[in-house]
Amino acid sequence: MATLLRGEVRAILQPAGHAQYQGAYCPPGVPFKEVRRGPFDGKRDIAVRTDINGDVPKLMTFGNGQVVYEYDGRDTNGRAVYRYAPNLSSSHRDVINGVAEVYAEHALNKAKGGQ
């Protein structure tokens with residue numbers, strides 16, 4: 001990882017916690033665990049700039065604001081933890097509908113005796 005500049009803190013992106021996914025859109029046939037998954041989960045080579053008070057931004061956005069991660073404290077290594085926020089992500093409904101199609105196709109193939 002690159003050296004941090006003054007006022008920067010390392011960050012990591014994680015799946016949504018209960019506070020982020022509660023009430024999130026989940027179509028029938030899709031396990032709710034899929035709602036927790038964000039497209040950038042596990043990314044660790046990120047640094048965020050603190051404000052004048054030393055606080056990190058409350059939200060981190062990607063894809064022109066369509067994917068949102070929400071600040072959820074620090075981990076044991078002192079990194080800022082951001083969790084996927086499906087309720088704040090405008091792309092969530094389209095992505096999870098795509099996931100629903102894959103689950104439906106898999107169920108159909110299994111019913112037909114396929115894999």
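This is a predicted model: local features need pLDDT of at least 70, side-chain atom pairs count only at pLDDT 80 or more; totals for chains, interfaces and linings use all residues.
Let's start with a pairing: Ala11 has Ile46, in strand S2, as its bridge partner.

Is Arg49 buried, exposed or partly exposed? Its relative accessibility is 49%, so Arg49 counts as partly exposed. Setting aside residues up to four places away in sequence, Arg49 touches Leu5, Arg6, Gly7, Glu8, Asp55 and Pro57. Take Leu5 from that list. Leu5 and Arg49 are 44 residues apart along the chain, and their C-alpha atoms are separated by 8.6 Å.

Arg79 sits in the loop between strand S4, residues 67–74, and strand S5, residues 80–84. The cut-off for buried is under 20% relative accessible area. Arg79 comes out at 16%, so Arg79 is buried. What does Arg79 touch, not counting residues up to four places away in sequence? The contacts are Arg10, Ala11, Ile12, Arg44, Gly73 and Arg74. Ala11 is on that list, and Ala11 is also the residue whose bridge partner is Ile46.

Next, the loop between S5 and helix H3, residues 92–111, where we find Asn87. With 44% relative accessibility, Asn87 counts as partly exposed. Leaving out neighbours within four places in sequence, Asn87 is in contact with Gln20, Tyr21, Gln22, Gly23 and Ala24. For Ala24, the separation from Asn87 is 63 residues in sequence and 5.5 Å in space, C-alpha to C-alpha.

Asn64 lies in the loop between strand S3, residues 59–62, and S4. Asn64 has a positive phi of about 55°, although it is not a glycine. In general, most residues other than glycine have a negative phi. How accessible is Asn64? Its relative accessibility is 85%, so Asn64 counts as exposed.

Now the whole chain. The secondary structure comes to three helices and five strands. In sequence order the pattern is β-α-α-β-β-β-β-α. The radius of gyration is 17 Å, well over the 13 Å that the globule rule gives for 115 residues, so the chain is more spread out than a compact globule. The C-alpha trace spans about 60 × 25 × 25 Å along its principal axes.

On burial, 31% of the 115 residues are buried. The accessible surface comes to about 7400 Å², and carbon and sulfur atoms account for 50% of that.

On contacts, consider those between residues at least 6 apart in sequence: 62% of them join residues at least 24 apart.

Last, charge. The chain carries 15 positive and 12 negative side chains. How far apart are the centres of the two sets? They lie 4 Å apart.

Definitions and conventions
Residues are numbered from 1 along each chain as its sequence is written. Side-chain values use heavy atoms; hydrogens and water are left out. Helices (H or I, at least four residues) and strands (E, at least two) are DSSP runs, numbered from the N terminus. The radius of gyration is taken over C-alpha atoms; the globule rule is 2.2 Å times the number of residues to the power 0.38. Buried means under 20% relative accessible area, exposed over 50%, partly exposed in between (1.4 Å probe, protein chains only). Contact means heavy atoms within 4.5 Å. Accessible areas come from the Shrake-Rupley method with a 1.4 Å probe; for residues, only the protein chains shown count as cover. Lys and Arg count as positive and Asp and Glu as negative; His and the chain ends are not counted. The place of a charge is taken as NZ of Lys, CZ of Arg, CG of Asp or CD of Glu. Two strands pair if DSSP finds at least two bridges between them.
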